[in-house]
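Q: Please take me through this structure one feature at a time, with the reading rule before each case.

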Amino acid sequence: MESENRPLRAHFIPYLSTSHLMPQVDMAMIFAAHGVDVTIITTYFNSLLFQKSIDKAITCGHRINVHKLKFPFKEVGLPEGLENFRDATSYEHRQKIGKGVSMLQIPIEQFIRDNRPDFIVADMFLYWASDLASDLGIPRLTSYATGHLALCAADCLLRYGPHKTVQSDKEPFLLPGLPGKIQMTRSEIAEWIKVPNAYTSLMQMIDESIRKSYGVLVNSFYELEKDYADHYRNVLGIKSWSIGSVRLFNARNGSGNDDKHDCLTWLDSQNPNSVVYVSFGSLCSFSSAQISAIAKALDSMNHPFIWVVRNEDRENEWLPRGLEEKITKSNKGLIIKGWAPQLSILEHPAVGGFLTHCGWNSVLETIAAEVPMATWPLGADQFYNEKLITQVLGVGVKVGTEVWTQLLEESRSYVEKEKIEKAVNELMGGGDEAEMRRKKVKELSVIAKAAVKEGGSSYSNVTALLDELRQCR
Ligand code: UDP
């Protein structure tokens with residue numbers, strides 16, 4: 001019989017999109033730092049995104065291993081190396097990556113059966129993991145790449161359908177039964193909630209698998225959304241642990257690259273808090289008209305900026321003629337095409353505001369970096385996150401997007417140049433409200449950092465959970 005004193009063994013199974021993968025890798029590293037013997041199961045090219053961090057953890061004596069699977073490129077008809085949703089440039093790519101992810105279920109299950117751990121942590125999308133865990137008689141934890149407010153809000157909409165009672169898409173309504181007065185409009189709600197489709201069925205399966213799982217790991221800290229964490233646990237009856245911000249446990253750069261990016265050298269030459277950082281995450285897509293409006297707005301304002309654009313393949317269509325050269329010559333701003341070192345940018349003292357799509361990781365990163373936000377939600381959980389930022393925490397100003405869009409589809413909201421300028425000027429300006437946002441985000445940053453230190457709420461949640469899991473063994 002194995003000794004009860006041996007380390008707990010855990011398998012982590014992340015999803016193949018950066019915003020799910022990286023926080024789960026951080027979670028795995030946190031567990032390893034607490035003495036758990038961890039194996040991360042992922043595909044070869046995705047493992048390259050974080051291998052350096054793992055190597056560092058191993059040199060610190062942590063037991064952490066990566067089990068690399070081959071992504072079925074040939075079988076799904078994708079070029080080798082295209083195995084993360086962030087690299088998909090079309091709907092077809094996305095479908096094929098999704099198909100490849102489904103095909104990985106068999107080799108993952110086989111590996112876990114052959115190497116039975118004490119528990120597994122599987123991404124929310126891997127709904128089959130709860131049945132596998134129960135088959136093996138071990139707990140499955142679900143890792144969620146969103147916060148508690150978003151989880152509670154989606155449940156509320158599905159359960160009570162408050163959007164069915166309003167007369168128009170733009171008429172505001174309150175989310176019934178939720179703490180605080182959270183206001184939404186029908187156009188901000190995901191299509192799959194309003195009209196059942198295949199995604200609705202998938203989400204139902206995910207919901208069932210969560211309820212069958214041991215509980216949910218949330219990348220958030222209790223103090224950030226206390227009322228919603230309590231509501232989730234006590235009213236919705238789902239056990240959850242806020243163990244974030246997981247990135248703060250492990251100081252690492254999202255780019256996985258130690259070289260200093262040129263944009264950081266450029267930031268060194270700018271005044272403190274003067275630069276607005278503009279980025280819409282890893283999965284956004286805009287029309288050429290929208291990109292052009294953003295470009296014109298940034299050009300016409302007096303704030304230096306870094307703007308990350310992801311429509312690389314349409315480079316020639318989207319920038320007004322000559323604008324990029326003009327911007328470069330005047331040294332007014334930088335345009336980064338592709339992937340930016342977001343964490344290092346946000347943490348740079350020259351950055352004073354973030355025009356963001358409100359992706360959950362971006363929200364946590366900007367709060368930790370003490371940077372207030374102008375909110376431009378596009379789809380997924382981003383409208384819920386906007387409510388947290390603007391209505392609950394008071395650390396953001398709304399740009400005014402109104403229509404929820406399916407991820408990777410071209411945004412269905414169009415924001416005029418003038419609206420963009422207004423929001424960015426408010427964000428970067430010096431009025432009382434702007435000062436209040438800065439003050440509040442600073443306070444939250446202090447709390448966020450304390451949460452992950454020994455004795456802090458997230459740190460204690462990890463140790464309490466591990467104690468429970470030892471009892472389960
Ligand atoms: N990110 C980055 N560089 C980029 C774009 C994104 O490092 O150019 C990182 C960002 O720091 C965050 C993640 O990718 O950790 C994006 O996650 P988020 O939840 O904010 O948005 P999503 O990509 O899911 O829409």
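A: Helices (H or I, at least four residues) and strands (E, at least two) are DSSP runs, numbered from the N terminus. The model is predicted: local features need pLDDT of at least 70, side-chain atom pairs count only at pLDDT 80 or more, and totals for chains, interfaces and linings use all residues. Residue numbers start from 1 along each chain as its sequence is written.

Q: In which loop is Asn-273 found, and what is its phi?
A: Most residues other than glycine have a negative phi, and most peptide bonds are trans. Asn-273 has a positive phi, near 55 degrees, and is not a glycine. Its place is the loop between helix H13 (262-268) and strand E10 (275-279).

Q: Which residues does the cis peptide bond join?
A: Gly-244 and Ser-245 are joined by a cis peptide bond, with omega about 0 degrees. Ser-245 belongs to the loop between E9 and helix H12 (246-249).

Q: What is the strand order in the open sheet of 7 strands?
A: Two strands pair if DSSP finds at least two bridges between them. Here the order is E3-E2-E1-E4-E5-E8-E9, the pairing is parallel and the sheet is open. Strand E3 (64-69) and strand E9 (240-242) are the edges, each pairing on one side only. From one strand to the next the twist averages 25 degrees.

Q: How many bridges join E5 to E8, and how many join E8 to E9?
A: Strand E5 (residues 140-144) runs parallel to E8 and is joined to E8 by 4 bridges. Strand E8 (residues 215-218) is joined to E9 by 3 bridges, again in parallel. Val-216 in E8 stands opposite Thr-142, and Val-216 also stands opposite Ser-240 in E9. Val-218 has Ser-242 in E9 as its bridge partner.

Q: How is the crossing of H8 and H11 described?
A: Two packed helices are described by the angle between their axes and the distance between the axes. Axes are lines fitted to C-alpha atoms, for helices over the stretch in contact, and angles run from 0 to 180 degrees between N-to-C directions. For helix H8 (residues 148-160) and helix H11 (residues 226-235), the axes come within 8 Å and cross at roughly 50 degrees. H8 is therefore oblique to H11 (under 35 degrees is roughly parallel, over 145 roughly antiparallel, 65 to 115 roughly perpendicular, the rest oblique). The crossing of H8 and H11 is left-handed (the near helix is turned anticlockwise from the far one by less than a right angle; clockwise is right-handed).

Q: Which residues of H8 and H11 meet?
A: His-148, Leu-149, Leu-151 and Cys-152 of H8 meet Tyr-228, Ala-229, His-231 and Tyr-232 of H11 (contact requires C-beta atoms, placed from the backbone, within 7 Å). This contact of H8 with H11 has 6 nonpolar, 2 polar and no charged residues (Ala, Val, Leu, Ile, Met, Phe, Trp, Tyr, Cys and Pro count as nonpolar, Asp, Glu, Lys and Arg as charged, the others, Gly among them, as polar).

Q: Which residues come nearest to the ligand?
A: A residue is near a molecule if its C-beta atom, placed from the backbone, lies within 6 Å of it. Of the 19 residues around the ligand, the nearest are Ser-19, Gly-281, Ser-282, Gly-359 and Ser-362. The shell divides into 7 nonpolar, 11 polar and 1 charged. Its largest share, 4 residues, comes from H18.

Notes: Contact = placed C-beta atoms within 7 Å.
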